[in-house]
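Subject: Structure handover

Hello,

Here is the structure I promised to pass on. Please open it next to this email and follow along.

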Amino acid sequence: MKLLTTFITTLIVSPQLVALEVTALTCNGAVNPLGMDQPPAFAWILSSDERGAAQTAYQLQIATSLPLLQEDEADLYDSDKKLTSQSIAIQPEDVAVQSRRRYFWRVRVWDQRDEVSEWSVPAWFEMGLLNDSDWRAHWISAPVLFDWQAVDGRRKKIPKDAAPELPEPAPLLRTEFTLKKEISRGRAFICGLGYHELYLNGHKVGDHLLDPAFTRYDKRALYVTHDVTSFLQQGGNAVGVMLGNGWYNLTSRDVWGFDHAAWRAQPTVICQIEITFADGTEEFVVSDENWRCAPGPIIFNNIRQGEWYDARQERAGWHLPRHGDAAWHAVRQVRGPEGRLCAQDLPPVKIHSSFAPRSIERTDEGYLVDFSQNMAGFVELTASGASGQEITMIYAEKVRDGRVDQSNIDGLVASAPFQTDKFILKGEGLERWRPRFTYHGFQYVEILGYPGELRAENLTAFAISTAFAQHGDFSCSNELINQIQHNARWSYRNNFVGYPTDCPQREKNGWTGDAQLAAETGLFIFASQTAYKKWLQDIADEQRSSGEIAAIIPTAGWGYYWGNGPAWDSAFILIPYYLYLYTGDLSVIAAHYEQMKRYVDFLGEKSDDGIVSWGLGDWCPEKTDTPAEITSTAYYYVDATLLSFFARALGRPDDSERYAALAADIRSAFVRKYVDLQKGAVGNSSQTALSCALYQGLVQAGDAEKVLGNLLAAIRMNAGKLDFGILGAKYTLNALSQAGRADVAYQLINHQAYPGWGHWISRGATTLWEDWQGVSSLNHIMFGDVSAWFFKNIAGIQPDPEHPGFKHFYLRPFFPGDMQWAAARIESPYGPLRSEWRRDENGVQLDLHVPVNCQATLELAGRRQTDVSFDDPDGIVLQGDHDGKATYRLPSGSFRVRVRD
């Protein structure tokens with residue numbers, strides 16, 4: 001009996017039988033989110049040292065207080081034991097949440113032996129203002145003219161041929177209030193358009209920049225929620241708001257017409273501060289007609305042109321209590337934007353990197369500064385000088401003859417200056433300044449009018465972007481590939497400042513084609529899913545009743561005039577698919593399904609017997625143009641195919657059959673018109689046309705072999721070099737790899753001769769460029785899918801559409817002959833996923849990690865079972881040893897695999 005007891009005790013405490021641990025709880029993609037206005041959806045990550053560990057059930061509890069949850073009183077929701085392995089995108093039904101309330105939740109799971117885990121550490125989520133009636137505040141704005149008499153006198157003296165006057169200075173708005181009780185909690189809900197900064201008792205609230213994110217303001221405007229408990233004090237308090245124009249009041253004249261936007265108006269703000277006292281009572285401080293306003297020191301601000309700051313106009317202490325504001329003006333209570341107020345639930349824009357100057361060169365005009373990295377951001381400057389001394393900073397990506405050169409980026413903006421900041425000193429010792437309501441794309445800055453000698457310690461460049469968590473990384477022994485990865489990562493980040501853009505300098509426009517081409521790269525490297533959800537709602541807000549979608553989102557109307565078409569518009573279908581594929585979240589597909597149908601039906605109305613002949617084609621090709629109707633029709637086919645897939649996933653079999661039949665008809669029409677099945681030719685047989693047919697699945701397996709042969713021949717005939725634009729860049733690399741010719745795809749990437757990614761680097765590029773020649777923008781993301789190719793092919797990490805979110809995935813590593821090692825990691829929705837390999841004297845050693853609750857299929861092309869061994873084969877299943885590859889099923893856990901060359 002004693003031996004049996006000892007055995008049972010040993011069995012219970014054995015490491016192999018320890019239940020799963022529940023960690024990393026998130027709600028709506030965030031840790032302890034504040035100010036939500038969407039129904040809560042939950043996820044967690046499981047950890048275990050045991051190979052093959054998996055969840056078989058969970059129990060989720062939600063309570064209105066932490067003590068209730070800890071006492072097992074889940075008064076809002078208790079799932080009981082749910083038999084499922086799902087641990088992501090859990091959206092319980094019948095969870096009735098209320099505005100402003102904080103809720104606490106926890107979860108526990110059962111493993112494959114039906115052993116239950118401990119409860120997770122509790123997490124929380126807090127709702128924002130869910131109803132229009134929750135807003136007691138009003139939209140307020142500064143008077144259109146702060147000083148009629150002074151303005152009138154000045155205008156009488158202006159020559160008739162003078163340049164247009166500058167817009168009004170950015171306004172400061174303020175009020176004071178007294179709190180007489182002990183403070184328990186404070187929340188600020190604010191939407192200041194175009195951009196705002198909020199101050200309480202002299203302190204800026206939060207580290208956000210350029211809040212709120214750009215939307216189509218006549219459809220939707222975003223409010224930001226701040227926990228301001230620590231900023232409040234018993235006694236006198238002051239709240240101040242500084243407003244900038246942003247996209248809400250874009251004053252510059254440019255080809256895209258945002259100065260004529262339907263939503264355009266003077267900057268405005270709605271602000272509601274809610275204070276809860278220790279005794280449970282509440283007090284509200286709201287924006288209304290009792291606030292006061294005055295012009296601030298920002299005398300000009302424009303998102304494309306820059307910001308000018310006159311420190312002599314500063315109002316010391318304007319955001320502190322007991323500041324005399326009797327001479328300030330009364331605010332106007334205004335209607336505000338037409339759009340509905342919604343919570344900003346994507347990460348805010350923040351500073352993510354800083355740079356000291358690499359070099360400072362004195363010129364005849366001033367100084368030329370090189371910050372070594374092409375970035376999106378701005379420069380902070382310190383200086384001492386006389387009152388009224390004006391310092392000018394001109395930002396650019398290029399230099400010529402010792403001056404910054406904006407010729408490649410300023411041609412579409414008629415208003416001058418462009419990407420230029422000005423700082424006017426007040427003459428009181430060392431002064432420090434950086435812009436608040438603009439950002440620039442630059443590597444170089446020309447500084448004019450600097451008093452004294454400019455030193456490195458006087459300048460810092462700050463790079464900004466939407467504050468994504470780092471989600472994945474790739475590196476290898478080939479430094480050229482590493483630099484391409486660096487450039488892609490930087491271009492992606494530079495082009496996501498609240499929404500995905502094409503370039504951070506010339507346009508800052510949300511081009512749909514650029515966004516869809518870079519989405520897989522973004523989802524590998526960053527936790528960008530909530531930002532994409534926001535932007536997809538922007539597309540939905542913009543879509544016309546006909547189903548048509550604009551080329552740039554948001555748009556003031558120009559996006560329908562030029563540039564749209566299936567290769568671009570399909571962002572509305574492809575990005576939801578990528579979100580589902582990489583995160584396992586079906587909600588965004590469900591939310592926009594009807595509008596996706598409307599778009600595909602719109603394409604049907606515009607097509608001619610299945611052929612869509614309009615839209616941009618393979619933009620920025622090297623030398624060979626591919627007819628746009630080939631790529632447009634192919635995207636029409638993909639859209640119909642994915643819509644059928646979405647319908648099946650959403651339980652709509654009739655729609656699924658309808659769009660599957662449509663896809664088949666489109667493919668037949670495409671093959672009839674463009675494909676010579678006997679020769680394997682497609683259209684003009686450009687690299688883009690051939691790879692389009694392969695990558696988009698428009699030719700059957702037998703015919704695909706001939707098309708592949710022609711693609712390989714086209715590459716050989718071009719001296720082994722690429723000849724495609726942004727669409728072909730995605731098609732060709734992926735089509736080659738899917739056909740087992742990753743070696744040729746790698747050949748197209750791995751060189752520094754023209755044309756190619758490496759050629760850019762040979763010319764000093766630190767980001768991706770707009771064209772192969774380097775004529776236009778030097779900070780574009782539309783050629784950025786090459787980074788996703790590294791993850792999917794060199795590291796071999798490939799998601800499975802039938803088991804999304806990496807619940808099951810493929811590992812298909814490729815070992816280039818000139819590479820000694822490669823390593824990739826991603827934070828999958830189920831936990832860390834890793835694929836690393838390194839050559840040694842016996843072949844290649846792979847180190848793999850499959851997240852808990854997941855499985856993987858390892859495929860080793862060109863190897864037989866006899867070439868492969870595992871340090872620990874426990875749980876590994878050989879699935880095949882044929883067709884020139886060995887295939888294994890891997891459970892969760894860590895694996896070391898040895899592959900003989």
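Start in the loop between β14 (235-244) and β15 (268-277), where you will find Phe 258. Keep in mind that this is a predicted model. Is Phe 258 buried or exposed? Its relative accessible area is 1%, so Phe 258 is buried. Now look at what surrounds it. Phe 258 touches Phe 214, Trp 247, Leu 250, Trp 263, Arg 264, Arg 304, Asn 509, Ile 552, Pro 554, Thr 555 and Ala 556, leaving aside residues up to four places away in sequence. Pick out Thr 555 from that list. Along the chain, Thr 555 and Phe 258 are 297 residues apart, yet 7.5 Å separates their C-alpha atoms.

Next, how far can you trust the model? The mean pLDDT of the protein is 95. A pLDDT of 70 or more is reached by 96% of the residues. Be careful with residues 1-16, where pLDDT stays under 50. For that stretch the model has 3 contacts beyond four places in sequence.

Back to β15. This strand pairs with β10 in the antiparallel sense, over 10 bridges. Within that pairing, Leu 193 faces Thr 268 of β15. β10 (residues 183-193) has 9 of its 11 residues buried, so the rest of the structure largely encloses it. β10 also pairs with β13 (residues 220-227), again in the antiparallel sense, over 4 bridges. There, Arg 187 stands opposite Asp 227 in β13.

Now the open sheet. Which order do its 6 strands follow? They run β33-β38-β39-β40-β45-β42, with antiparallel pairing. Zoom in on β38 (residues 821-828) and β39 (residues 831-840), which form an antiparallel pair over 8 bridges. In this pair, Trp 821 has Arg 838 of β39 as its bridge partner.

On to the nonpolar cores. The largest has 233 residues. Ile 447, Trp 757 and Leu 890 touch the most other members. The element that gives the most to this core is helix α10 (residues 628-649), with 12 residues. A second, separate core has 27 residues, including Ala 142, Phe 177, Phe 231 and Leu 232. Display Ile 447 and its contacts. Beyond four places in sequence, Ile 447 touches Gly 366, Tyr 367, Val 369, Leu 381, Ile 391, Thr 392, Met 393, Leu 454 and Leu 459.

Last, the helices. How many of the 10 residues of α17 (residues 785-794) are buried? The count is 10 of 10, so α17 is largely enclosed by the rest of the structure. Among these buried residues are Asp 785, Lys 792 and Asn 793, as well as Trp 789, Phe 790 and Phe 791. After α17 comes Gly 796, with a positive phi near 85°.

Then compare α6 (residues 529-542) with α9 (residues 587-606). Their axes come within 11 Å and cross at roughly 10°. Angles under 35 degrees count as roughly parallel, so α6 is roughly parallel to α9. On the α6 side, Lys 533, Leu 536, Gln 537 and Ala 540 make the contact. α9 brings Ser 587, Val 588, His 592 and Gln 595 to it.

Best wishes

Notes:
Residues are numbered from 1 along each chain as its sequence is written. This is a predicted model: local features need pLDDT of at least 70, side-chain atom pairs count only at pLDDT 80 or more; totals for chains, interfaces and linings use all residues. Side-chain values use heavy atoms; hydrogens and water are left out. Two strands pair if DSSP finds at least two bridges between them. Helices (H or I, at least four residues) and strands (E, at least two) are DSSP runs, numbered from the N terminus. A nonpolar core is a set of buried Ala, Val, Leu, Ile, Met, Phe, Trp, Tyr and Cys residues joined through side-chain atoms within 4.5 Å. Buried means under 20% relative accessible area, exposed over 50%, partly exposed in between (1.4 Å probe, protein chains only). Contact means heavy atoms within 4.5 Å. pLDDT is the predictor's confidence in each residue, from 0 to 100. Axes are lines fitted to C-alpha atoms, for helices over the stretch in contact, and angles run from 0 to 180 degrees between N-to-C directions. Angles under 35 degrees count as roughly parallel, over 145 as roughly antiparallel, 65 to 115 as roughly perpendicular and the rest as oblique.
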